[in-house]
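Welcome! Open your viewer, keep the selection tool ready, and let's walk through this model stop by stop.

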Amino acid sequence: MAVSGTSGTSGTSGTGNSGVTGSTTGIANNFDQFLRLLTTQLKNQSPLDPLDTNQFTQQLVQFAGVEQQLRTNETLASLLSLSAAGTATNAVGFIGSTITADGATSRLLDGRADWKVTMPSAGTATITIKDSKGSVVQTETRSLSAGDQTYRWDGTTSTGSKAADDEYTVTIDAKSVAGDAITAKTQISGVVDGVDFTSSIPMLKIGGISIPIDKVKSVVRGD
């Protein structure tokens with residue numbers, strides 16, 4: 001799954017967490033060498049020309065600060081990996097559940113496709129349904145009441161034939177009773193049958209429909 005990481009060898013190059021680890025290891029080794037060099041110089045300094053200990057101390061403090069920052073970055077990378085793993089685990093838990101989410105594409109299955117429509121006020125709406133290729137298969141005008149309601153399509157096309165089971169997208173051009181344009185919001189629902197981790201946000205799958213996990217509005221667990 002996309003949440004699993006790959007381990008790399010430490011060094012000055014690499015991707016992901018391995019680059020942070022490599023940088024931390026390198027800076028730590030250089031830090032040890034710096035301490036040995038500093039100690040050797042202090043032990044063998046000339047009494048007539050002593051080293052500037054204040055300058056060495058300042059360098060030591062700066063070097064330690066860089067090392068601490070890199071170790072902090074490594075810790076943050078580990079925390080992000082754990083967070084991603086937790087998100088993935090939560091996403092898998094949606095499988096088998098019925099979810100409702102923002103969206104306009106629903107699945108026609110066994111002659112039934114549903115959309116939840118929210119109207120800000122009562123009015124009329126021209127409802128257009130398109131197939132997965134973008135072709136219009138049905139258009140109708142009907143009255144819609146204010147608030148939440150369900151629009152159900154039985155798969156009948158404008159020519160009177162039955163559409164094949166597939167994903168269909170609805171577009172609603174609504175007007176109030178006074179004739180002003182209003183926005184009708186649509187939501188879809190269905191049973192999650194998979195999860196896609198290839199994007200930065202896990203995508204819940206309802207057939208061929210992908211729904212970002214952050215768009216989910218409600219969840220009903222299956223039996």
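Remember as you go that this is a predicted model.

**Stop 1: the core.** Start by selecting I99, W115, I129, W153 and I172, the residues with the most contacts inside the largest nonpolar core, which has 31 residues. Now colour the elements that give two or more residues to this core: β1 (98–102), β3, β4 (123–130), β5 (136–144), β6 (147–153), β7 (166–176), β11 (203–206) and β12 (209–212). As background, nonpolar side chains tend to be buried together in soluble globular proteins.

**Stop 2: W153.** Which residues is W153 in contact with, leaving aside its neighbours within four places in sequence? Select L108, G111, R112, A113, W115, I129, V137, Q138, A163 and Y168 to see them.

**Stop 3: β2.** Show S106 and L108: both point to one face and are buried. Next, bring in β7, which pairs with β2 in the antiparallel sense over 4 bridges. Within β7, look for D166, the bridge partner of L108.

**Stop 4: the pocket.** Finish at the largest pocket, with a volume of about 310 Å³. Its lining has 13 residues, and R107, L109, S189, G190 and V191 lie nearest its centre. Which strand gives the most to this lining? Select β9, which supplies 4 residues. By type, the lining divides into 6 nonpolar, 3 polar and 4 charged residues.

Terms used. Residues numbered from 1 in each chain as written. Predicted model: local features only at pLDDT ≥ 70, side-chain atom pairs only at ≥ 80, totals over all residues. Heavy atoms only, no water. 1 Å grid on protein atoms, 1.4 Å probe; cavity = no way out; pocket = protein on both sides within 12 Å on 5 of 7 lines; lining within 4 Å. Points joined across faces, edges and corners; volume = space filled by probe spheres on them. Nonpolar A, V, L, I, M, F, W, Y, C, P; charged D, E, K, R; others polar. Core = buried A, V, L, I, M, F, W, Y, C linked by side-chain atoms within 4.5 Å. Buried < 20%, exposed > 50% of the residue type's maximum accessible area, 1.4 Å probe, protein only. Contact = heavy atoms within 4.5 Å. Pairing = 2+ DSSP bridges.
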